[in-house]
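Me: Could you walk me through this structure in a few questions and answers? I am new to it and would like to look along as we talk.

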Amino acid sequence: MKHVFAIGGATLLVAGLGVATPSLSAAADSSGDPAVVAKEYIQEHPGKVEGTSKDSYQLVDTVGSSNGASHVRFNRTYAGLPVLGGDLVVHLDAAENPQSVSVAQTEPAAVSTTPKVPASSAADRARGEFSGRTVSKAGSPKLVVDARHGKAVLAWRSTVTGVQADGQTPSRQVIVTDANTGKVRSADETILTPLKVGTGSHQSAAAPRAGVAATGSGRGIFVGTVSLSTTGSGSSYTMVDAAHGNGRTCDLKNRTSGTCTTFADSDNSWGNGTVSDRASAGVDAHYGAAKTFDYFKSSFGRQGIFNNGSGVPSRVHYGNSYVNAYWDGSQMTYGDGAGNRAPLVELDVAGHEMSHGVTENSANLGYSGDAGGLNEATSDIFGTMVEFYANNPSDAPDFLIGEEIDINGDGTPLRYMDDPRRDGASYACWSTSVPRSDPHYSSGVGNHFFFLLANGSGQSTYGNSPTCNGSSVTGIGRAKAAAIWYKALTERMTSTETYAKARVDTVAAATSLYGASSAEVAAVKAAWSAVSVN
């Protein structure tokens, strides 16, 4: 990804049309729509976005800032083919004048759209590349232009579904092969879990029916006794959250497929706080979905994970002794842990997984290289922030990930944000090894940065955080740190983000929020340098 600082205002020819167009300023004055201004700008200035006469741009969303600025995100096609890594964001000031552009692509595409490798061969190669245990379906390959890694190439994009190596986690792998050589360019899993999957297909629950909003009481495994937003009246209640977009919580009854039964109850009192009552895990999941919704809304004005007001379905009791949880792009699924005695419904796990949905519906960070680590770090960051927002006395907030589920059997958490190296696998400092590692471990660099930015270096209430360069960092507080990260994620980051570009984007976000000469901007720079991102 690169940032181009644009200079507009001149009368230019629109690429591919050969006709004179009004000046940029005139377009801005007459439009009143940031998306129209941004679209005209990239058409008039293709060089600013690595564009060609064969490129077209599709609006994704427009994000407005409190200072009146707008950030307009686009995807791209080349000769009608989707471009992987073709996304970009045009940044406009309050007067709708373009100021800069964030571009995932690094050079213009120039490829033949006629493949040398047939689709059938690409399908066979994709099946062979599948890293899970079993394949249930291999979709028909689709031609794309892959511009994620420098020079663009024509490629086949295949989606292979099945089951991951653990035998229970569903798999949806996107495999990209060179359409001229047949070489595999990438193979990324899109079913995302908080744990790295070690050594079934599923069916979504039906949409809930509308009902009367109610407030019930639940006793969860981790959250204790809490209020729950439900639906119903009299002697008929369901775990459908009318206050949060009708998100519902259901029981898969330890299957990996089939109908997920919405929890129902006659007195609106749910669970007993132990696994002996199947609704107890439902209480944690239902509460976690509501708190995640509320955190993003109260902190950033975001209307749910998808930013459209819709709630998130939560499926509990998935599989048999399934030691994981996952986000599949539309819903949450939780296993019951070893021996079906330890459901993975902890609050920061819930917040982590649903934050993958926020990432997917904003910057759409990739899941390999630095982008994969930033993707996972974003989920750890906001999972932690959800925990602080809830401030639940039964699950005191901290900067540990998954500390309640005891996944290691010795009371240690999944990950430590103060010093990621403490888990024995994560990176605390950026190096050339980071982009080649699993995203659950490369996320450590982003986690470490966030901890330092929020709390500072050395000993604090939430841990003892060293720096990679021996420096001292003064924290700015977690609310400001999260605001900077969210602003960078939703307004500036692109699918091919690197840690170096994340530094640029968070500095820009902090500058917009607090001013170029602010202590917050200085802290962002210092925290990145402290994790070897310079």
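Me: How much space lies in the largest cavity?
Reply: Happy to start there, and keep in mind that this is a predicted model. Rolling a probe the size of a water molecule over the atoms shows where empty space is left. For the largest cavity, that space comes to about 100 Å³.

Me: Which residues are the closest to the centre of that largest cavity?
Reply: The lining of the largest cavity is made up of 16 residues. The closest to the centre are His-244, Ala-289, Ala-290, Gly-311 and Val-312.

Me: Which element gives the most to the lining of the largest cavity?
Reply: Strand 16 (247–255) and helix 4 each supply at least two residues of this lining. With 5 residues, the one that gives the most is helix 4.

Me: What is the order of the strands in the open sheet?
Reply: This open sheet has 5 strands, and its pairing is mixed. Strand 18 (264–265) and strand 19 each pair on one side only, which puts them at the edges. Helix 4 (residues 279–300) packs on the sheet and touches strand 12, strand 13 and strand 19. Read across, the strand order is 18-14-13-12-19.

Me: In which sense, parallel or antiparallel, does strand 12 pair with strand 19?
Reply: Strand 12 pairs with strand 13 (residues 225–233) in the antiparallel sense, over 7 bridges. These two strands form a hairpin with 5 residues between them, and Gly-224 in the turn has a positive phi of about 75°. With strand 19 (residues 269–270), strand 12 makes 2 bridges, and the sense is parallel.

Me: Which residue in strand 19 stands opposite Gly-218?
Reply: Gly-218 has a bridge partner in strand 13, namely Val-226. In strand 19, the residue opposite Gly-218 is Trp-270.

Me: How far apart are the end C-alpha atoms of helix 5?
Reply: Helix 5 (residues 347–360) is mostly covered, with 13 of its 14 residues buried. At 1.5 Å a residue, its 14 residues should span 20 Å. The model agrees with this, because the end C-alpha atoms of helix 5 are apart by 20 Å.

Note on methods: Residues numbered from 1 in each chain as written. Predicted model: local features only at pLDDT ≥ 70, side-chain atom pairs only at ≥ 80, totals over all residues. Heavy atoms only, no water. Pairing = 2+ DSSP bridges. Helix = DSSP H or I, 4+ residues; strand = E, 2+ residues; numbered from the N terminus. Expected span 1.5 Å × (residues − 1). Buried < 20%, exposed > 50% of the residue type's maximum accessible area, 1.4 Å probe, protein only. Contact = heavy atoms within 4.5 Å. Axes fitted to C-alpha atoms, helices over the stretch in contact; angles between N-to-C directions. 1 Å grid on protein atoms, 1.4 Å probe; cavity = no way out; pocket = protein on both sides within 12 Å on 5 of 7 lines; lining within 4 Å. Points joined across faces, edges and corners; volume = space filled by probe spheres on them.
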